Structure formats: C-alpha cells, structure tokens
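I opened this entry to keep track of what I looked up. The sequence and the coordinates come first, then my notes.

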Amino acid sequence: MSPTNYHKPRKRFGQNFLHDEHVIQQIVAAIAPQSQQTLVEIGPGQGAITRLLADACAELHLLEIDRDLVARLQTLFANNTHVHIHNVDALRFDFCSLTSGSTLRLLGNLPYNISTPLLFHIMENIDCIEDMHFMLQKEVVERMAAGPGNKDYGRLSIMIQYYCQVESVLDVGPESFSPAPKVDSSIVRLVPHRVKPVQVDDFHSFSKLVAQAFTMRRKTLRNALKDLLSAEQISACDVDPQLRPDAIDLDAYARLANCCSISENSD
Ligand code: SAM
C-alpha cells in the first residue's frame, strides 16, 4: 500500500488487519459463498476478505463503524451495485432488517474488544441467520465450544450452544495480522439450530440462572443458586445440588430454569 493510502489502525475499534493472503483464501473457502446468497460482513476494514466475496454472492452488506474506512470501501466498491456499505455500529444494528426473503450469512474478523456483547446481540437476531463465520480470539472459541467438566465451559458455552452448533474451523497466528495482536485467533463456524436442542419455557429465567450460576463457579449449585432455587427444588429437577456449575449440561440448565420460571410465577 502506498504511504498516501496508509490508514493508521485504531485501537479503540479493534483494528488488526489481515494481510496473509493464504489465510484470507482459507477463510473464503470455509465460507464457500454461492451466487444466490446474501452475505453480511461485520467490520470489513480495508476489504481484505471483502475483495474475494464481492463477486461471489448476490448481495453483500458491509457494516463498518470507522468513517474513514467507509470512505475507502465506497471507492473500492464504487462499481459494484450489489455491495451495500453501512456506516453503523454492529452492536446496535438490526440484522434482520436486511432480509428480503432469503436468510443471511454473517462473517467477520471481529473486533476482539466487543466480541462477546456482539455475539449476544447477534443471537437476538438468530431467526434470519443461516450461518456465521467469525474470527475471534482462540480462547473465546474454546469457551464457545467447551462442554461440561472442561475448564473453559461457562456461560458463553451454554448460551451459544443453546442457539447454535459450534465448530472451530481454523487457527490463525498473530503474524497474519497488522498490527499483530498479542493473542492467537481462530475461525469459528456457527450454524443456528433449526429446532432448539432443549425446551426453555422462559428465556429470561434461563439467561439469568446461567449467569448467576457462573458468577460463583467454585461454589456448589446449592450455594450459587440459593437466591433462585432451594436445594430441594434443584434435586426435584434431577440435578445434584452439591455439583459445581461447570459439571452440568445444557439440558440440566434448561430444567433448572424451567423450575425457576414456575417458582417465579407461583410467587
Ligand atoms: N475485516 C478486516 C480485516 O480482516 O482486515 C478488518 C478486521 S478488524 C479486526 C475489525 C474491524 O471492525 C475494523 O474495520 C473496525 O473498524 C470494525 N469495527 C470495530 N467496531 C465495530 C462496530 N461496533 N461495528 C462495526 N464495525 C466495527
């Protein structure tokens, strides 16, 4: 890139730009865009991945918060009428407003400083999403994919696995970015479940109970959940109250939450 074309990376926007052509091609191969599909890229930056997607799909929406990068993208894709550039904050964006009959395929090398709240926001839009491919901190992908008994298993694992099937697709080292981040990264593929794997009667109770359990992950469920359920109520859900929060699976959390919503309603 020529010096006049240089964009100084902004830390506050989590700007670590991909420059490794091999990794970029591997990401696009994992996504495998098709000519009739609508793709949405979060944080296209300088267009490292975008360049290879623009001619491979029917519609491409780019959500970029940085106005300077938006101006560059507008120049780069001036002749592509099916590329739509939105100068927005993805954390506040209504993804489903982009659907016109077809579901959306989301992707992005996400800003690591907002990745968890962004994932939770995207899960609220899950009904219009076909699948997602995101570059995240490797440690976050490990937490998303972890099961009971694993040290990485926690609130993020349970909430993401309630919505999606999680698959780690590719590890990417710091040297593939400029500037290089201090952490390793991974690409994760998330495919929303067509039918949820467990029955949750009241999502708010479920979310609250899981968050409460993992604020005290070293305590027993009996202690961690004492404000929400008694030991007897936990046992009645076929869960041992002496277990730690990281020992029980998604199904057990759904049973506990369903007990909670019953006890809240009967208060
Ligand atoms: N996709 C590019 C690449 O791989 O080189 C850039 C990735 S960089 C890690 C993250 C990008 O997300 C930056 O372009 C940044 O400006 C943008 N970004 C940061 N916060 C955002 C937000 N809240 N909404 C939309 N874009 C955001």
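I count two residues as in contact when they have heavy atoms within 4.5 Å of each other. I am working on a predicted model, in which local features need pLDDT of at least 70, side-chain atom pairs count only at pLDDT 80 or more, and totals for chains, interfaces and linings use all residues. Residues are numbered from 1 along each chain as its sequence is written, and side-chain values use heavy atoms, with hydrogens and water left out.

**Asn125**

I looked up Asn125 and what it touches. Setting aside neighbours within four places in sequence, I found Asn125 in contact with Phe93, Asp94, Phe95 and Cys96. Asn125 sits in the loop between helix H4 (115-123) and S6; helices (H or I, at least four residues) and strands (E, at least two) are DSSP runs, numbered from the N terminus. Its relative accessibility is 7%, so Asn125 counts as buried. The cut-offs for relative accessible area are under 20% for buried and over 50% for exposed, with partly exposed in between (1.4 Å probe, protein chains only).

**Whole protein**

I noted 10 helices and nine strands. The C-alpha atoms fill a box of roughly 70 × 40 × 30 Å along the principal axes. Of the 267 residues, 49% are buried. For contacts between residues at least 6 apart in sequence, I noted that 65% join residues at least 24 apart.

**Strand S3**

Is strand S3 buried or exposed? Five of the six residues of S3 (residues 59-64) are buried, so the strand is largely enclosed by the rest of the structure. I then checked its partners; two strands pair if DSSP finds at least two bridges between them. Strand S2 (residues 38-42) runs parallel to S3 and is joined to it by five bridges. Leu39 stands opposite Leu60 in S3. Five bridges also join S3 to strand S4 (residues 83-87), again in parallel. His61 has His84 in S4 as its bridge partner. From S3 the chain passes through helix H3 (residues 67-76) to S4, in a right-handed β-α-β crossover. Right-handed here means that, with the strands pointing away from the viewer, the path from the first strand over the helix to the second runs clockwise.

**Pockets and cavity**

I used a 1 Å grid over the protein atoms alone: a cavity is a set of points where a 1.4 Å probe fits but cannot get out, a pocket is an open set with protein on both sides within 12 Å along at least five of seven lines, and lining residues have an atom within 4 Å of a point. Grid points are joined across faces, edges and corners, and a volume is the space filled by probe spheres set on the points.

The largest pocket has a volume of about 860 Å³. It is lined by 42 residues, and the closest to its centre are Phe17, Pro44, Gly45, Gln46 and Leu69. H3 gives the largest share of this lining, four residues.

The second largest pocket holds about 330 Å³. Among its 13 lining residues, Lys11, Gly14, Asn16, Pro181 and Lys182 lie nearest its centre.

How many cavities of 30 Å³ or more are there? I counted one. The largest cavity has a volume of about 30 Å³. Its lining includes Ile27, His133, Met135 and Ile187. S5 (104-109) gives the most to the lining of this cavity, with three residues.
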